[in-house]
Amino acid sequence: MAAFHVMTGAGESFARPVVNRIGIADVFDALRRGYDDFMEKPSHYVFLCLMYPIAGVFLTLWTSGANLLPMVFPLMAGFVLLGPIAAIGLYEISRRREAGIDTSWTHALEVRHSPALPSIVAVGLMLFALFVVWLVTAQTLYSNLLGEVFPRTMGDFTRQVFGTPQGMQLIIWGNLIGFVFALVVLAISVITFPLLLDRDVGAVSAVVTSIRATVANPVPVLLWGLIVAVLLVIGTIPVFAGLALVIPVLGHATWHLYRKLIAREAA
């Protein structure tokens with residue numbers, strides 16, 4: 001029964017929410033509304049997202065200390081794949097603000113009481129699996145091009161990547177493969193978690209609806225993905241600290257993008 005619920009949600013049939021067509025102006029409006037949500041109580045939202053930059057710093061230090069320097073960039077890039085999971089609590093805050101009810105930061109934890117929690121966990125596990133596949137792919141590509149032995153210092157690593165033909169191939173192929181992973185995750189998750197919080201339609205229906213929304217609005221969704229990628233890169237520059245600001249704004253904005261992409265349920 002639990003598996004069936006994940007498939008179809010609360011209903012007995014496969015849900016097909018109506019997908020709207022939006023424009024580029026809607027993307028920037030969603031971003032503006034996300035910023036407004038953040039400014040409502042910014043200290044609370046920054047607190048909620050501090051674990052994200054802390055985790056980034058910890059992973060970077062760990063990989064450096066463990067002689068795994070080539071994995072630093074894949075780990076940082078992989079954060080984009082897990083971003084939708086990190087922002088679930090922020091979707092809930094935006095949903096509550098939209099409904100005119102209390103938006104205290106503790107309500108971000110109300111997600112654990114959502115009837116769609118099994119579906120949310122299922123999609124989260126799928127994204128985590130893609131994250132692992134990305135790391136394995138990145139390590140395999142590095143090993144095939146530059147060998148099994150990882151450099152011990154940052155200087156050696158820099159010379160290896162930027163000073164050899166194999167290093168240039170690593171940059172080109174690594175970015176191309178990473179772009180494909182990012183496109184896949186964008187298509188399957190751009191509005192999946194907000195939809196599940198709003199309606200218990202089941203994991204499969206939510207993912208399919210996200211793909212349908214992407215296919216119906218390729219330019220706006222790709223623009224949204226580009227904005228997310230650029231802001232996340234900017235957020236990681238000051239030792240990941242900027243993510244404490246970037247993640248909440250993007251999280252709230254994703255809720256408003258969902259509202260624009262998916263028609264509301266009929267009363």
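Colleague: How many helices and how many strands are there in the chain?

Modeller: This is a predicted model, where local features need pLDDT of at least 70 and side-chain atom pairs count only at pLDDT 80 or more, while totals for chains, interfaces and linings use all residues. Residues are numbered from 1 along each chain as its sequence is written, and side-chain values use heavy atoms, leaving out hydrogens and water. Helices (H or I, at least four residues) and strands (E, at least two) are DSSP runs, numbered from the N terminus. Along the sequence the pattern reads α-α-α-α-α-α-α-α-α-α-α-α-α, and the chain has 13 helices and 0 strands.

Colleague: What percentage of the 267 residues of the chain counts as buried?

Modeller: A residue is buried under 20% relative accessible area, exposed over 50% and partly exposed in between, with a 1.4 Å probe and protein chains only. Of the 267 residues in the chain, the buried share is 47%.

Colleague: Are helices H5 and H7 roughly parallel or roughly antiparallel to each other?

Modeller: H5 covers residues 72-86 and H7 covers residues 117-146, and their axes come within 9 Å and cross at roughly 170 degrees. Axes are lines fitted to C-alpha atoms, for helices over the stretch in contact, with angles from 0 to 180 degrees between N-to-C directions. Angles under 35 degrees count as roughly parallel, over 145 as roughly antiparallel, 65 to 115 as roughly perpendicular and the rest as oblique. The two helices are therefore roughly antiparallel.

Colleague: How many nonpolar residues does the contact of H5 with H7 have?

Modeller: On the H5 side, residues including Phe 79, Leu 82 and Ile 85 meet residues of H7, among them Phe 128, Phe 131 and Trp 134. Ala, Val, Leu, Ile, Met, Phe, Trp, Tyr, Cys and Pro count as nonpolar, Asp, Glu, Lys and Arg as charged, and the others, Gly among them, as polar. The contact has no charged residues and 2 polar ones, and its nonpolar residues number 15.

Colleague: Which helices do the buried residues of H8 pack against?

Modeller: Helix H8 spans residues 154-162, and its buried residues are Phe 157, Gln 160 and Val 161. Seen down the axis, they fall within an arc of 90 degrees (taken from the directions from the helix axis to the C-beta atoms), so they line one face of H8. The face turned away from that buried side carries the exposed residues Arg 159 and Phe 162. The buried residues of H8 pack against H7 and H9.

Colleague: What is the relative accessible area of Met 154?

Modeller: Met 154 has its place in helix H8. Met 154 is partly exposed, at 48%.

Colleague: Is Asn 217 buried or exposed?

Modeller: Asn 217 sits in the loop between helix H11 (203-216) and helix H12 (218-236). Leaving aside neighbours within four places in sequence, Asn 217 is in contact with Val 19, Asn 20, Arg 21, Ile 22 and Leu 261. With a relative accessible area of 2%, Asn 217 is buried.

Colleague: How far apart in space are Leu 223 and Ile 24, C-alpha to C-alpha?

Modeller: Leu 223 lies in helix H12 and is buried, with a relative accessible area of 19%. Not counting residues up to four places away in sequence, Leu 223 touches Ile 24, Val 27 and Phe 28. Leu 223 and Ile 24 are 199 residues apart in sequence, yet their C-alpha distance is 7.7 Å.

Colleague: Which helix holds Phe 179?

Modeller: Phe 179 is exposed, with a relative accessible area of 51%. Phe 179 and Ala 77, 102 residues apart in sequence, are 9.9 Å apart from C-alpha to C-alpha. The helix where Phe 179 is found is H9.

How values were computed. Contact means heavy atoms within 4.5 Å.
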